Amino acid sequence: LHMGKTMKEDLTVIVKHIKQLYPSEFSVFSTYAELYHNYFASQANKTAECRLEDKDIYLLLSWVHNIYPKDMRKDHALAEELEKVKLGSLLPSSLSKELEKKYLDSEEATVKNSLSRCLSKEIQRWKEDQEPEKINGHFQSELLAIIVIQSIYGSQERAKAISTAVGEELSCRLWKELPAFLRSYREAFEDFKEKSKKHRHYKPILIANVNNCWNFRDYAEKNMAEKDDNKASILSILGDIENSGFDVLLQQLFAQLKPIYKKFTENKWDSSNETMNEIIKTTSKHISDFRTLKDPFYKVIIEKIHAHLVKEYIVRLLKRKVSLKTPVQQQNLAQSISKNAADLEAFCTSNVPDLFLFWQGSKATWLNSALPKLAEIIRLQDLGAIKIEVATFATTYPDIRKRHLEAFLHIKANLSRSELKSILGYLADSTASTPPGAPLFSNINVS
């Protein structure tokens, strides 16, 4: 600092008061500037060859790449004259690269250790079985995400202050470190999920960890390049954690719904309205448990519930438990399915106000036409009309296969073998694959 201040002040005096006292061919300013620079560079080299602490390496690199070339040599009083001198760097390129490597290695190790300690503290909090903090009504364990993100961001910003190149190199290294950290986080979360089911605050801790993912997801989305493989890896790992949490949170609800859905076929669909009301009532009781999820995850879990309710209804239709021979019987069943579908859609997709919040219903509107279209296939009696409806259905839900349709058409007992074969022919097994994120029949097995 003393050398830098002295050099800057003295060269300023030379520019303003001394240079004009000498003939131009003496190059007085250049002579002084080179002498000052050479001395400064020799001192920088001596310093670089010592055993330096990390903070000293950082400071020296800051002088070489940032303070000396920018703050001193770009000073408004000196810049024009210094531009003519071409002084070069304070350190040789090889020595500068060596220091950069030491700095990058050390900073990477420091961040890695910081993330590891942070995760250990977070795991300890899970073991203590304390209810997570609520922020804006959502369970959060934000300390983990905040410390991790701040550690990475702070390190990146410090490196950028040295130079753009050093900043980019450290960013690349830390972007690789974040997926490694998140893999460890995922393993710890899975371990907690399996071993801590009897904890009093088991579900709130699960929800807090799902909510944590939003901070990481938001940071990666905003700060990483779209084609960065690390970004894809990060988002994939976060998706695993989120879905793993959703699976546990929905386990109890889905287990309670299973025997209720069986009533459809056990009662030959005679009391389907009562059964659907029971399904809706049971589901409603569980929804309050999920309101402590952050809004994006709350919407996801509501859509998962919506998809499950529709899928399980279809599963009962494919059980070959009902075979109706007359058009009247088929029309009555179609009417019941249409009523159930309307009730289910109203429950899943409507915005339902209550004392605490305004529930934003499921946005998975692609599910809404599945049951009405199946009801229409049951109702229709004209073979040509049935074929058209089947073709339309397959366009909307392209993951349906012949085995699904054949099990479903068991309901229409008045179809001849040739008619059945003709309808199935409209559904090629080569039907286009399901659009990503919208499978309906893919996970339905037909016995």
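The legends below describe a predicted model, first as a whole chain and then in close-up views.

Residues are numbered from 1 along each chain as its sequence is written, and side-chain values use heavy atoms, with hydrogens and water left out. In this predicted model, local features need pLDDT of at least 70 and side-chain atom pairs count only at pLDDT 80 or more, while totals for chains, interfaces and linings use all residues.

Figure 1. Helices (H or I, at least four residues) and strands (E, at least two) are DSSP runs, numbered from the N terminus. The C-alpha trace spans about 115 × 50 × 35 Å along its principal axes. The radius of gyration of the chain is 34 Å, whereas a compact globule of 447 residues would have one near 22 Å; this radius is taken over C-alpha atoms, and the globule rule is 2.2 Å times the number of residues to the power 0.38. Of the 447 residues, 45% count as buried. Buried means under 20% relative accessible area, exposed over 50%, and partly exposed in between (1.4 Å probe, protein chains only).

**Figure 2. The largest pocket holds about 560 Å³ of space.** Of the 18 residues that line this pocket, the closest to its centre are Glu303, Lys304, Ala307, His308 and Pro439. A pocket is an open set of points on a 1 Å grid over the protein atoms alone, where a 1.4 Å probe fits, with protein on both sides within 12 Å along at least five of seven lines; lining residues have an atom within 4 Å of a point. Grid points are joined across faces, edges and corners, and the volume is the space filled by probe spheres set on the points. Helices α9 (229-266) and α11 (295-317) each supply at least two lining residues, and α11 gives the most, with six. By class, the lining has nine nonpolar, five polar and four charged residues. Ala, Val, Leu, Ile, Met, Phe, Trp, Tyr, Cys and Pro count as nonpolar, Asp, Glu, Lys and Arg as charged, and the others, Gly among them, as polar.

**Figure 3. Helix α13 (residues 370-379) is largely enclosed by the rest of the structure, because seven of its ten residues are buried.** The buried residues are Ala370, Leu371, Lys373, Leu374, Ala375, Ile377 and Ile378. They pack against α11, α12 (327-349), α14 (383-396) and α15 (402-409). Contact here means heavy atoms within 4.5 Å.

**Figure 4. Arg217 lies in helix α8 (residues 202-223).** Arg217 counts as buried because its relative accessibility is 18%. Not counting residues up to four places away in sequence, Arg217 touches Leu235, Leu238, Gly239 and Glu242.

**Figure 5. Trp269 has a positive phi of about 65° although it is not a glycine.** Most residues other than glycine have a negative phi. Trp269 is found in the loop between α9 and α10 (272-287). With a relative accessibility of 5%, Trp269 counts as buried.

**Figure 6. The loop between α1 (2-18) and α2 (28-48) includes Ser27.** Phi of Ser27 is near 50°, a positive value in a residue other than glycine. Ser27 is partly exposed, with a relative accessible area of 34%. Pro23 is found in the loop between α1 and α2 as well, and is partly exposed at 37%. From C-alpha to C-alpha, Pro23 and Arg173 are 54 Å apart in space, and they are 150 residues apart in sequence.
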